[in-house]
2 protein chains.
Amino acid sequence: MEYDLDSFSARDWERPTDADPIRFAMVGLGWWTREQAIPAVEDADYCTTTVLVSSSTEKADEVAADLDGIEATLTYDEYADGAATDAYDAAYVGTPNGLHRGHVEAAAEHDKAVLCEKPLEATVEDARACVDACRQADVPLMVAYRVQTEPVARRARELIDDGAIGDVVSVLGHMSDRILDAVGEDSWRFDPELSGGTTLNDIGIYPLNTIRFILEENPEAVYARTESEQPAYDGTDEHGAFQLEFPDGKLASCTVTHSATLASSLRFVGTEGELSIEGLFFPNTRKVLRVSGPDIEGEYRPEPVDQMREEFDYFANRLQHGEDPEPDGEHGMVDMRTIRALYESAEQGRRVELDR
Amino acid sequence: MEYDLDSFSARDWERPTDADPIRFAMVGLGWWTREQAIPAVEDADYCTTTVLVSSSTEKADEVAADLDGIEATLTYDEYADGAATDAYDAAYVGTPNGLHRGHVEAAAEHDKAVLCEKPLEATVEDARACVDACRQADVPLMVAYRVQTEPVARRARELIDDGAIGDVVSVLGHMSDRILDAVGEDSWRFDPELSGGTTLNDIGIYPLNTIRFILEENPEAVYARTESEQPAYDGTDEHGAFQLEFPDGKLASCTVTHSATLASSLRFVGTEGELSIEGLFFPNTRKVLRVSGPDIEGEYRPEPVDQMREEFDYFANRLQHGEDPEPDGEHGMVDMRTIRALYESAEQGRRVELDR
């Protein structure tokens, strides 16, 4: 088999349509929604932002002032009560993790599709409630794992699935950033009640979910260790390292920290070759995929894409065709259970098996 | 501070001398000694092979037939009894791990310096006996961690020590090979009594020791998981993943397997930058050191060196100056205790703390 690294289509999921764009209510106007989600949708082909939902009308109006096409600005209560439901088709839930549930349940009640930020919620129980609410209302729920619509991740998955490096045996992953500099120590991210955990949960989920996506398998057992040094991390985790046991003896080892240089790496070692990706977990940067195997040797360095735009366009394009977008709520539940097991492991200093 | 990647001297340890070359007795003539150690010494500047020691005189004579300058061929018993001690200055012990002790003790008894293959022995107790024998006889003992005299590892250590990437927070390491294809299933490596363990022990020691060398720190606690699939690995380990906890919250995550493509990677993520090395753990291949930090950004790709030759020449050059070579026996004991803790952790599924 011969592989051509450049033959890959960045939008392998895209299907033409004459349907109207999907209109989003943006729920939660924090840093990520303002700096990443809203600009991505402004640049998107298949969706648009029409409603802004925040803690106060003033805050929503302030954000709306810089945007075209906003039809309503709502408080969380007005949104929950069903205001302006004619003005949007789907809700993007980008509030603190521990507040997702109420907003997802409201969207389900209003018969709106949901794109919910990852992790689904701060606890497994509240995440389960999100998934159940959408299922009972029969509305699509996608969890916002933007790496899954990143072309380089999809290309890597395809190469590994095609056997380009043989059977995967070992996986290494890392993500680090300086979240404290970006959001300040008063952020909900440092409050485990609202976040569900600070580092393993917030960025450990990147290697965890991406390895699951690329291998198309789920972990069977885990181990984790966490460390905290700076005062902002009192009672929560600043640095972490974790292992994931996948079927057939595959082992993944990962490190994450919120207190180091911006870094992202992922490496799959197989029986016949090796595949690594630099920069994968950041939304707008250059990615480099390197692969070597019996029938392939080279680098794939496509033009960077806006991962958030790709995610929103994928979600919208699927809805335009009346199809459910993936990854769905059950997929997100696997990460919720895995992260709970990671924290349990870190607390007890032992390996924790996951229920199948 | 400005860094110049190319200004590094490949032999930063080398000091001129008019002394005679150090004459080696090669103890154990298996695959590694014949294919790697003896050719390295043939190519070396400061040492030479003068004595060959094996299970039978026939085997030693057979190897001697292809070499110049051999003054004696001995059985293990003859070597232990002190034959031909005038013909060599130092012993290279390259037998199966679990047979090192007798040969090291004999060398110490004959007042010969020792270069002993890693790990020191199959058990902590026998390794301790090797170290004690050399100390009591006042002979130098170096453990053969050839990566420590590899220029790329020394360059990486210097850069990190100089603060090129800030303080190290996370470390990732991997090594894999196909030892079964190289040595066959009857090899002592698959017998834990003789080897001390197959994969964590045989190749896990590469990332373990190299991370210790570069950080200049020792692990305080560990966790490991092992897996075995092929029949040759019954009762021992084929794949492994392990975590090392270093001082100040530094966490290292590693994967190793004897059943995957030849692969070697090491990555240090710091508060200010990142340093990675490809290919470090193989003796003759091209290495690539990549580093990015506030004052440095680039690649270091020196001409490959023969790691075994560098190791032998370093050892010999030190002896010529009447100085003890490093890494010494106590350094090797840290790996012995760490590897014992790794296997204990894998068996019990829990974190294991190391005695300070």
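Glu272(B) pairs up with Arg178(A) in a salt bridge whose closest N and O atoms sit 3.9 Å apart. That is one of six salt bridges found across the interface of chain A and chain B in what is a predicted model.

As for the overall extent, 42 residues of chain A are in contact with 42 residues of chain B. Putting the two chains together buries about 3300 Å², and carbon and sulfur atoms give 55% of that area.

Searching the whole structure turns up four cavities of 30 Å³ or more, and the largest cavity has a volume of about 90 Å³. Both chains line it: Leu172(A), Ser265(A), Leu266(A), Arg267(A) and Ser276(A) are among the chain A and chain B residues there, as are Leu172(B), Ser265(B), Leu266(B), Arg267(B), Ser276(B), Ile277(B) and Glu278(B). Strand 11 of chain A, along with strand 11 (259-270) and strand 12 (274-278) of chain B, are the elements that give two or more residues to this lining. Its make-up is five nonpolar, four polar and three charged residues.

The open spaces come next. The largest pocket has a volume of about 1100 Å³, and of its 47 lining residues Glu278(A), Arg290(A), Arg267(B), Glu278(B) and Arg290(B) are the closest to the centre. Both chains contribute here too: strand 11, strand 12, strand 13 (288-293) and strand 14 (296-300) of chain A, and likewise strand 11, strand 12, strand 13 (288-293) and strand 14 (296-300) of chain B, each supply at least two lining residues. The lining of the largest pocket splits into 12 nonpolar, 17 polar and 18 charged residues.

The second largest pocket holds about 840 Å³ of space. Its lining runs to 41 residues, with Trp31(A), Trp32(A), Ile179(A), Val183(A) and Arg189(A) nearest the centre. Helix 1 (31-42), strand 7 and helix 7 (179-183) of chain A are the elements giving two or more residues to the lining, and helix 1 of chain A gives the most, with five. By class, the lining of the second largest pocket comes to 18 nonpolar, 13 polar and 10 charged residues.

Technical notes. Residues numbered from 1 in each chain as written. Chains lettered and ligands numbered in written order. Predicted model: local features only at pLDDT ≥ 70, side-chain atom pairs only at ≥ 80, totals over all residues. Heavy atoms only, no water. Contact = heavy atoms within 4.5 Å. Buried area = accessible area lost by both parts, 1.4 Å probe. Salt bridge = Lys/Arg side-chain N within 4 Å of Asp/Glu carboxyl O. 1 Å grid on protein atoms, 1.4 Å probe; cavity = no way out; pocket = protein on both sides within 12 Å on 5 of 7 lines; lining within 4 Å. Points joined across faces, edges and corners; volume = space filled by probe spheres on them. Helix = DSSP H or I, 4+ residues; strand = E, 2+ residues; numbered from the N terminus. Nonpolar A, V, L, I, M, F, W, Y, C, P; charged D, E, K, R; others polar.
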